[in-house]
Amino acid sequence: MEDEIACSGFFRANAEETISCLEKFQEGSGLGFVVGGLVEAPYNLIAALSNPSSWLEWLSHISLKDKIRDLEAAQSLIRFVYYGASWELFFVFLFLFLVCTVIGFFRNSFMWGAVRVLEAINNSVGRFFAWAGLLMVLQQIIIIFMQRVFAVSEISLGVGMTVTYDVSWWSEELKLYNAMIVCMCVGYTFIQGSHVRVDLIYSAISYRAKRVIDMIGAIVFMIPAAALTYFYGWFFLWRHLVTPKLAASDASKDIDKLLNKARALKFNVETIGFSPNGFNAYFLFKFLLVAFTILVTLQAIAFFYRSYLERKEGPKSEGKHLDKDQLGDAQSELVAEIH
C-alpha cells in the first residue's frame with residue numbers, strides 16, 4: 001500500500017514538473033506557446049475528464065438568491081468559467097481537431113462519418129428552432145388581437161400554470177424568437193445552401209479550385225471569427241449571471257487569485273429590461289450568442305472536411321450524404337437552388 005502511494009506521488013510530481021517545464025517553454029515564443037499548448041492538451045483533457053467534480057460540483061448547489069455556501073462548489077464554478085474560455089480549452093479542442101483530421105486523411109470513411117454527425121447536429125438543432133418563426137407569428141397575432149380588439153394591458157398564457165405579463169413584455173419577447181432563429185439555425189441554413197453568397201469569381205473557377213476556396217474559408221474565416229466571438233461572449237454571459245463579476249480580463253489572471261472570489265460568489269441573474277414592464281430575460285440572448293459560436297464552429301469543421309473529401313474524390317462526391325430539405329415542388333426546388 002505504501003509502495004502504491006509512493007508510486008502515485010512520484011507520477012504526480014513528475015506530471016507537475018512536466019507541466020511547469022511546458023509553461024516555461026510556452027513563455028519563450030509564439031511557436032513555443034502553440035507547441036507547448038498542444039503537448040499539454042492531452043494531460044488537461046484527461047485531468048478534466050477524470051475529475052469532473054472540480055469543475056461541475058456547482059451544478060448541485062445552484063441557488064439564485066443566496067451565496068453558494070459550499071466553498072468547493074463555488075470554486076468549481078470559478079474553474080468552469082475560467083477554463084470555459086481559456087487557452088487550455090482552446091488547445092484541447094485544437095488537439096482533438098488535429099487528431100481527427102490526421103485520422104481522416106488516412107481513413108476517409110472516418111472523416112465522412114464526422115461530416116455526417118456534425119451536419120446532423122446542426123440540421124436537428126436548426127429544424128427544431130425553426131419552429132420559433134411560427135411561434136413568433138402566432139404570438140404577434142394574439143398581441144394585436146388582444147390589444148386592438150379587447151384593449152387589454154396584460155395577457156395571460158398557459159394551462160394549469162398561467163403566466164401573466166404586460167403587453168409590452170410579450171411584444172419585446174418576440175426579439176427572443178428572432179434571435180433563436182438567427183443563432184440556432186445558422187448551421188442548418190448553411191447546410192441547406194440558403195445563405196446569401198456574393199459571387200465574384202467562384203462560379204468561374206474549376207471544381208477543385210472551389211473546394212480549395214471552401215477549405216480556406218472554413219479555416220481562415222469561419223473558425224477564427226467564431227472562436228473570437230465565443231471567448232468574449234462566454235465572459236459576457238457570466239458577467240450577467242454571477243457576482244463578483246468575472247470579465248474577459250480575468251482569463252489572463254492566475255486561477256488561484258480568482259478562487260479567492262469563491263467565498264463571496266453567488267448567482268445574480270440579470271433581470272433588467274429596456275422598459276419598466278418590458279421583457280426582462282435578456283440574459284437568454286447571451287446564451288444564444290455562445291450557442292451560435294459553437295454551432296458555427298461545428299459547421300466550419302464539417303465544411304472543411306466535406307470540401308477536402310469532395311476535392312479528393314472528385315465531382316461524383318459533391319453533395320454526398322448531404323441531408324437537404326425537400327420542398328416537394330420542382331419549381332420551388334429550382335428557385336432554392338438558384339439562390
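Student: What makes the reach of helix H4 close to the expected one?

Tutor: In this predicted model, H4 covers residues 71-84, which is 14 residues. The distance from its first C-alpha to its last is 20 Å, and 20 Å is also what 1.5 Å a residue leads one to expect.

Student: Which residue caps the N-terminal end of H4, and how do you know?

Tutor: The cap is Asp70, which has a side-chain oxygen 3.0 Å from the backbone nitrogen of Glu72. The cut-off for a polar contact between N or O atoms is 3.5 Å, and the 3.0 Å pair of Asp70 and Glu72 falls within it.

Student: Which residues of H4 are buried, and what covers them?

Tutor: Ala73, Ala74, Ser76, Leu77, Ile78, Val81, Tyr82 and Gly84 are buried. Their cover includes the helices H3 (53-56), H5 (87-106), H10 (207-238) and H11 (255-258), together with strands S3 (242-243) and S4 (266-267).

Student: Why are H4 and H10 called roughly antiparallel?

Tutor: The two helices pack at an angle of about 155°, and their axes are 9 Å apart. Angles over 145 degrees count as roughly antiparallel, so H4 and H10 receive that description. On the H4 side, Leu77, Phe80, Val81, Tyr82 and Gly84 take part; they meet Tyr230, Trp234, Phe235 and Trp238 of H10.

Student: Thr229 is also found in H10. Why is Thr229 called partly exposed?

Tutor: Its relative accessibility is 31%. Buried requires under 20% and exposed over 50%; Thr229 lies in between and therefore counts as partly exposed. Beyond its neighbours within four places in sequence, Thr229 is in contact with Leu289 and Thr293. Its side chain also reaches the backbone oxygen of Ala225 at 2.8 Å.

Student: How many of the residues in the protein chain are buried?

Tutor: Buried residues make up 34% of the 339 residues. The chain has 13 helices and four strands.

Conventions. Residues numbered from 1 in each chain as written. Predicted model: local features only at pLDDT ≥ 70, side-chain atom pairs only at ≥ 80, totals over all residues. Heavy atoms only, no water. Expected span 1.5 Å × (residues − 1). Buried < 20%, exposed > 50% of the residue type's maximum accessible area, 1.4 Å probe, protein only. Contact = heavy atoms within 4.5 Å. Polar contact = N/O pair within 3.5 Å; in protein donor to acceptor, adjacent residues only side chain to side chain. Axes fitted to C-alpha atoms, helices over the stretch in contact; angles between N-to-C directions. Parallel < 35°, antiparallel > 145°, perpendicular 65-115°, else oblique.
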